[in-house]
2 protein chains.
Amino acid sequence: MSAADETATQSNATDGVVVVCGGVGAARLLRGFVGRVSAEQLTAIVNVGDDMDLHGLRICPDIDTITYTLADAVSPERGWGLDGESWQAMAMLEKLGGVDWFSLGDRDLGTHLYRTQRLSEGASLAAITEEIASRWELPLRMLPVTEDRLRTMVTTVDEGEISFQEYFVRRQHSVAVTSVRFDGSASSRPAAGVLEALRSARRIVIAPSNPAVSIDPVLAVPGVRDVLIERRSDVRAVSPIIGGKALKGPADRLLVELGREASALAVAEWYADVVGTLVIDTVDADAAPAIEALGVTPLVTDTIMAQPGVTESLAEILLS
Amino acid sequence: MSAADETATQSNATDGVVVVCGGVGAARLLRGFVGRVSAEQLTAIVNVGDDMDLHGLRICPDIDTITYTLADAVSPERGWGLDGESWQAMAMLEKLGGVDWFSLGDRDLGTHLYRTQRLSEGASLAAITEEIASRWELPLRMLPVTEDRLRTMVTTVDEGEISFQEYFVRRQHSVAVTSVRFDGSASSRPAAGVLEALRSARRIVIAPSNPAVSIDPVLAVPGVRDVLIERRSDVRAVSPIIGGKALKGPADRLLVELGREASALAVAEWYADVVGTLVIDTVDADAAPAIEALGVTPLVTDTIMAQPGVTESLAEILLS
């Protein structure tokens, strides 16, 4: 390797930004990085624990939420799925008495048809995800954390173990949870490029997704947590808990049900081994000393991305 | 068995009408039987040779064409698929660069989603077909000829062997064919009820579907042809060739390519071992003596079902 090559490689390595992602919260945060980080240098490593096979189709909700959001094609009302969506297939499924608790729009179905056909042809999920991202001209690289089957399973008080989507969508996350596990994680392998991206990035960001069911399944893929531990000082997370509440979804209640508390401090404790810096909301500024005492550096700022300018300032802070 | 039971069974047996079916032509003919034969006594045994697996979904074009037609839900413009259809999933598939030569409407997709999910749950195709028929309140019993994988394969001059749908839809049946075979037929078994229905029916009708690619795959399921040979005097077919032409589809050209001629007489020759009576159109009355000479009784009448009253009179003749 020549000195010039070496410099180029080092420059690559030190420019990359990797975002560890769940769905909606991650998608919104990624919007802040677009324009600040070039497409070549921005990598999203995405949870696949809430993927499911339904009606014969492979459905990857977190990948699709990020895709549709960054394509400016997401439904602004729902925050997931596509804008301009119609529901004719679902109406037929209901008429026939089929499984209808998981809403699949007609446009969205096109994505699942494409993915499932390509999988049947032997393409990898990473390749398919890249194809879809390319058709939407997305300004980033998206990698499913693993090609292997990994499924987030939730044990509930009343119904025993159910899949993540049965918990999240079918029961509208209204049932009490006693534990979470990631079926298949022990034998899963990181997808090609995942560990390399994490090792070479100048900054690793953990999105404000649900720690227990969106980020933990990514960390459960052997090798991923280890790299984060090694690179802890370069890892920044954003707390999904603001003033004791999750902006969206059941992260607050889930933390309590799993024996923690719903607070920015509890998020710091959850991530203490892998995160050097935790960005918390201004309303949680009081928690800063306790977070610091855990060995995690608190950064206090506005984090509610629905407010104008916050996504952008949050991205600046995470990159600084 | 009591004398009363025996009478009931015999009465059942002698009332039944079985129609051996392809898609569009069969669906139109079945309309004529509805009202003349009770739902309990009318059985359609349907070709599965042009079924396909695409995008992870099981698609059964002939079953669906019959379902939608008898439900009065078929698109009158296309003659297949559903009325009030939209194409949002296809538009997405096209955007993504997916396999888009087989058009799947959004409403129609609901049917394939339902079927595929039920298959994955272990339901039989016959049970699923009955469920769908029941939701549409169809006035007949519909049986796929087999639960086993049977696929009509077409050898073309230019491209070698391709699947039926690749021939029929993708190439718009515009390529020359040298032979047809039914992959899987040798090891296939008739679905539950198929042979019983054929054995007990007072009349067996072969619909004016394509003999080479729609009816032959039904007859290729071991046991089916044998029952028809035994019951030949009770089997009536309708010629799909009228004045040397097929009303729809490539039956005329296909017969020629397979070394026959496109004529009512050639249809009589094709079916001579299994059909006692062949209904031919008035324009083909000249062929009657030659058909008779084959040992097949010709019945001459109007057979173009698009004309008012013809479907009904055709049904009367087939039942008489």
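Here is a short chat about the structure shown above.

Visitor: Hi! What kind of model is this, and how is the numbering done?
Guide: This is a predicted model, where local features need pLDDT of at least 70, side-chain atom pairs count only at pLDDT 80 or more, and totals for chains, interfaces and linings use all residues. Residues are numbered from 1 along each chain as its sequence is written, while chains are lettered from A and ligands numbered from 1 in the order in which they are written.

Visitor: OK, how many helices and strands does chain A have?
Guide: Chain A has 14 helices and 14 strands. Both are DSSP runs numbered from the N terminus: helices are H or I with at least four residues, strands are E with at least two.

Visitor: And how compact is chain A?
Guide: Its radius of gyration is 19 Å, close to the 20 Å that the globule rule gives for 320 residues, so chain A is as compact as a globular protein of that length. The radius is taken over C-alpha atoms, and the rule is 2.2 Å times the number of residues to the power 0.38. Along the principal axes, the C-alpha atoms of chain A fill a box of roughly 60 × 50 × 40 Å.

Visitor: What share of chain A is buried?
Guide: Buried residues make up 50% of the 320 in chain A. Buried is 20 or more other C-beta atoms within 10 Å of the residue's own, exposed is 12 or fewer, and partly exposed is in between, with C-beta atoms placed from the backbone.

Visitor: Switching topic: how many residues of chain A are in contact with chain B?
Guide: 28 residues of chain A are in contact with 28 residues of chain B; a contact is two C-beta atoms, placed from the backbone, within 7 Å.

Visitor: Which helix of chain A gives the most to that side?
Guide: That's α5(A), with 10 residues. By class, the side of chain A that touches chain B has 13 nonpolar, 11 polar and four charged residues. Here Ala, Val, Leu, Ile, Met, Phe, Trp, Tyr, Cys and Pro count as nonpolar, Asp, Glu, Lys and Arg as charged, and the others, Gly among them, as polar.

Visitor: What rotation superposes chain A on chain B?
Guide: A rotation of 180°, with 0.0 Å of shift along its axis and an RMSD of 0.0 Å. That is the relation of a two-fold axis. The superposition is by least squares on the C-alpha atoms of residues with pLDDT of at least 70 in both copies. The same surface serves both copies, as 100% of the contact residues of chain A recur in chain B.

Visitor: Now chain B. How many residues of α12 are buried there?
Guide: Seven of the eight residues in α12(B), residues 264-271, are buried, including Trp270(B) and Tyr271(B).

Visitor: Where is His55(B), and what is its phi?
Guide: His55(B) is in the loop between β3 (52-54) and β4 (57-59) of chain B. Its phi is near 60°, a positive value in a residue other than glycine. Most residues other than glycine have a negative phi.

Visitor: Is His55(B) buried or exposed?
Guide: Buried, with 27 other C-beta atoms within 10 Å of His55(B).

Visitor: And what about Glu137(B), buried or exposed?
Guide: Glu137(B) is exposed, with 9 other C-beta atoms within 10 Å. Glu137(B) has a positive phi of about 55° although it is not a glycine, and its place is in the loop between α6 (125-135) and β5 (141-144) of chain B.
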